[in-house]
Amino acid sequence: MKKILVANRGEIALRVMRSCREMGIQTVAIYSEADRFSPHVKFADEAVCVGPSPSNQSYLKGDRIIEICKELGVDGIHPGYGFLSENADFARAVARAGIIFIGPSPEAMEIMGDKLSSKAAVKKYKIPLVPGSEGAIDNVPQALKVGKEIGFPIIIKASAGGGGKGMRIVEKADEFEENLKRAVSEAESAFGDGSVFLEKYLRISKHIEIQVLCDTHGNYLYLFERECSIQRRHQKVIEEAPSSVLTPELRKKMGEHAANVARSCNYTGAGTVEFIYADGEYYFLEMNTRLQVEHPVTEMVTGVDLVKEQIKIARGEAISFQQEGLAINGHAIEVRVYAEDPANNFLPDIGTLQVYKKPTGPGVRVDDGFEEGMSIPIYYDPMIAKLVVHGQNRADAIAKMKKAIDEYRIIGVETTLDFCQFVLAHEEFTSGRFNTGFVKDHFKPEYLTAPVSKEFEEIAAIIAAVALQQKENELINAAAADKKFSPWKSRLIE
Ligand code: ADP
C-alpha cells in the first residue's frame, strides 16, 4: 500500500495519518465544507472536499469516496470509527473497486453488526451470555415468559443498536406493553430494523472490553482489557487499562474468550469484544468491528501501535509478535473532552474554541482535531479531544491526569473536563469499585465547583474574541496559499 485515504475527520483521521506517515505511506484526507480548515486536511499529503457539511452528504458518501480513490490512485481506505467503518456494503464496494478496506471482512461485520446474530455465532465457543431471550421479541406474552424465567429488572435492546441508543429498562411486568412498543418503534426509526431482544439488566456492573488483533494467518491475539464504566447515556467518558478488578487468571480467561469471539466470525484486523462484568462473572455484550475511540489506552500499556498493525494485517502480513510476548506496562487513563455541558444533562455545547491550550509532559498524549479559533461543527459528534496519560501505576496515572486536566485551557464552550476532574477525585473511582451507574449515583451538577475565577474567564474571552478575528483571517489566508486548496484541484475532483 503506497497511498491510503482516511474516510473520516478530526482526531481519528489525524491519528491514522500519523501512523501512515511513519510507515512511509502517502495520505489522502477527505473533508466536508465545515471541515475545510481542519488539521487533518492540512496534515494530509492530498485533500479532497467530498461535499456539504451534513455527514450524509459528505463523510457517508461511499460511492464518491471510492471515485476519489480511483482518481488519486489510492490503494487502501482506512475508515476510522463511526461513519462508514462498520458498513459491510461499503467494504464490499471498496473491494470490488480493487481497493483494500483496512478492516475485517464484510461477512464478519455483518455477523457482529447485529447483537442477536453475534450471540448466535459465539454459541459454539461457550462464551458466557447475559441471561435473556433467545431471539427477537415482538409481543408482550413472549416478553412476560422471558421475564418469568430471568427475573426483573430487564433491559430491552435493539438488535441493530449502537451508541447506547434505544435501550429501555423494565422494572416490572406491567411496564412491558408500553416499553416494548416504544423500543420497537425507536429501533425502527434509528436503525431501520425494529428487532429488539431482552437481557437481564445487571444494575451493578462494569463495562470491560478486550482489544483483539487477528491476521489472515490464523493468529488471534488479545491485547488485554479496557475498563469503560464511567458512562453517561450508556456512552463512555473515561476509560482505563488495566481494570482494577481483573485478576491475572480472569484476564487470561476473558482474553481467550474474546479471541474465540473473533474466531467465530473469522475476524481479521483490530476489534473489540465487549463484556459486562458483575460479581466476578462476565458476559458477552457485543463485538465492535473497528478501531475504538479509546484504543490509545491499550497502545499506552502494550506499546503496540494498533493502526500500524491494522495496515500490516490488511497488507496480508502475519502479526510480528505472539500472545506470550504481550504484557501490560503501567497504567493508562483516557478522558474524552466533549463540547458538552455536564451541568445541563451533558447536552452538546457547540461554539468556538476562543482559547485552546493543551497539556504536555512525559506520558501525556492529546489526540485532537481542532486548533484555537476553530468552531465545533454542529453536524458531528461533539468530541474535541482525547486526553490520555500513562503512569507507572493507577495512582500515578490518576495524579498525572489531574495535573493534565488542570493545565488544559478551553474557553468558548463548556466541556467534560471539570466533570472528569470530579470523577478522578471521587473515592468510588480511586478505590476502583465504581460501576456504570456512577454518574446517576454520585454526580450532581452542583458538585462541579464554579470556575476558579469567572471574571478571569470573562476577561480572557473578550481578549480571545479580538484575537479570534485575526486568527480566522490567518486561517483563510493560509488556506488560500495552500496548494491543496487550489481552485484547479477543486475543479478536478470536487
Ligand atoms: P451499544 O451497542 O448501544 O453501545 P451495548 O450493548 O454495548 O450497547 O451497551 C452499552 C452500555 O449499556 C453498556 O456499557 C452498559 O453500561 C449498558 N448495558 C448494556 N446491556 C446491559 C445489561 N444487560 N445490564 C446492565 N447494563 C447494560
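I began with a term: a polar contact is a pair of N or O atoms within 3.5 Å; within protein, one must be able to donate a hydrogen and the other to accept it, and residues adjacent in sequence count only if both atoms are side-chain atoms. I noted that this is a predicted model, where local features need pLDDT of at least 70 and side-chain atom pairs pLDDT 80 or more, while totals for chains, interfaces and linings use all residues. I also noted that residues are numbered from 1 along each chain as its sequence is written, and that side-chain values use heavy atoms, with hydrogens and water left out.

I looked up Glu286 and found an N or O atom of its side chain 2.9 Å from an oxygen atom of the ligand. For Glu199, I found a polar side-chain atom 2.9 Å from a nitrogen atom of the ligand. Gly164 uses a backbone N or O atom, 2.7 Å from a ligand oxygen atom.

**Cover and shell**

I read that the ligand has 550 Å² of accessible area on its own, and the protein covers 95% of it (Shrake-Rupley method, 1.4 Å probe; for residues, only the protein chains shown count as cover). Two or more residues of the shell come from each of β6 (154–158), β8 (196–200), β12 (269–278) and β13 (281–288) (strands are DSSP runs of E, at least two residues, numbered from the N terminus).

**Surface**

I found Ile378 in the loop between β18 (364–368) and β19 (383–391). Ile378 counts as exposed because its relative accessibility is 62% (exposed means over 50%, buried under 20%, partly exposed in between, with a 1.4 Å probe and protein chains only).

Conventions:
Helices (H or I, at least four residues) and strands (E, at least two) are DSSP runs, numbered from the N terminus.
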